[in-house]
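Dear colleague,

Here is the structure I said I would pass on. My notes on it follow below.

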Amino acid sequence: MKKILKLFGTVFVVIGLSACGLGNGFQDGPSTNSVVGILNEQTSIDKESGTHFLVDESGKKTAVRSLTINLSGDEYLSNRVKALGMTNTTDDVFEITGISVEEILSKNTKQNKPVEYKDTDAGFRMTYFDNWEVETTADGTVVFTAPLATDSTRATVVKVAQSNFLFENELNPDGTLMNPLEIYYGNENGKILDKSQLLKIGVDKMDTFKKVENGTITYTLYRSGLIYHLSFVPASPVNVADEKTFNEMIADFQFVAMDDTVSETEDSASDEELAKTSAAMPNIDMSMTPFESLPYQFSGQYPAKWYYSGVKSTTDSTILHHYGFSDEASTTKELISLDVLANGIPSGGRKLVVNGKSLDIFDGASYTVYTTLKARNFRISGPSAYKDLIQYMATNLLSVEKDKPL
């Protein structure tokens, strides 16, 4: 196996990383809008596309759907909700990616009941109480506000903010991979984070650094090129019950896929429809060999007699890393390219399921396949003559453990 460029490099930061002044990852991809109204299910006689309606104060109905959120749940149905998402231009249906309860109207909804907040644009889900208010600020921060107590001058606030943090991983002196939070903390404070300061939180027991300053509690987490700050700003005077609620929210916090478009084939298609869009693994008449990217925690395959190179993207903000594959030892000739993307998958592609993996295919001057692996989006492209090889490479992308040795 020949390699033109090693995958390891020195620490590389693309953007300044102040927790207060960063461009926000929530704003990547198509712009997100919000619609407020009472959520009702569609009936069999409704002719509109979608599954539900949002009815505003004037009686105007907006057809909506969600491929990731159960809109018929008691916590949402027949209540006034605020829905985040965007309009699908093909059928004029508002596709919901995030939702919160604005006002409880249904008798089936219990007051002060734990409900789920889930937002595939922001990339997380967590539980909060339905008597808390939820809003998203202009910079993409999701803000949960507790009810204002009668003896309080300021309500408790929980914030989930996000910032970009792109780097090439490096090794500790003992040969182990450095934790991304160690690197982030070092850039912010000029010193390496002691691993004893790392805690585990959330459903998936993720690494986090906890900081307490002037009563504000902040948990910092890393997720594939992004930093999340989960902050608790206490009421005045401090409400102990609110801090207990925050601890419950932290315990239930979980990252979810950040798809701008979700494959209906995977989530809602019938067996007959799925069969029509499924294909067998293409036969490749050449020997394949594996390669790995530890910084982005995936592995793939490429022709054993070919060469490949990898480079960080500094000119295109939509690409985190670019890999080129060629049958010649040249960095200028590429037959097939693989890009690790910073944003979502565009709509309009042809859906295809190969060996259980969903692909979005675009036929044109080149043959391009998009796919998702553990919330990370990939694009593989090349001449149509190599479409079977491109499909094979896309289908054989696999996740690897972050501490897996070379």
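Is K200 buried or exposed? With a relative accessible area of 55%, K200 is exposed, because the threshold for that class is over 50%. Its salt-bridge partner is D207, at 2.6 Å from N to O. D207 has 18% relative accessibility and counts as buried.

Please keep in mind that this is a predicted model.

Overall, the chain has 406 residues, 48% of which count as buried. Five helices and 27 strands were assigned. Of the contacts with a separation of 6 or more, 55% are between residues 24 or more positions apart. The accessible surface is about 19900 Å², and carbon and sulfur atoms make up 48% of that area.

On charged pairs: the count of salt bridges is nine. One of them joins R80 to E103 at 3.2 Å, N to O. These two residues are 23 apart in the chain, with R80 in strand 5 (residues 80-88) and E103 in strand 6 (residues 93-103). R80 is buried at 18% relative accessible area, while E103 is partly exposed at 37%.

R125 and E116 form a further salt bridge, with their closest N and O atoms 2.5 Å apart. Here R125 is buried, at 11%, and E116 is partly exposed, at 27%.

Regards

Conventions: Residues numbered from 1 in each chain as written. Predicted model: local features only at pLDDT ≥ 70, side-chain atom pairs only at ≥ 80, totals over all residues. Heavy atoms only, no water. Helix = DSSP H or I, 4+ residues; strand = E, 2+ residues; numbered from the N terminus. Buried < 20%, exposed > 50% of the residue type's maximum accessible area, 1.4 Å probe, protein only. Contact = heavy atoms within 4.5 Å. Areas by Shrake-Rupley, 256 points an atom, 1.4 Å probe, with all protein chains shown as cover. Salt bridge = Lys/Arg side-chain N within 4 Å of Asp/Glu carboxyl O.
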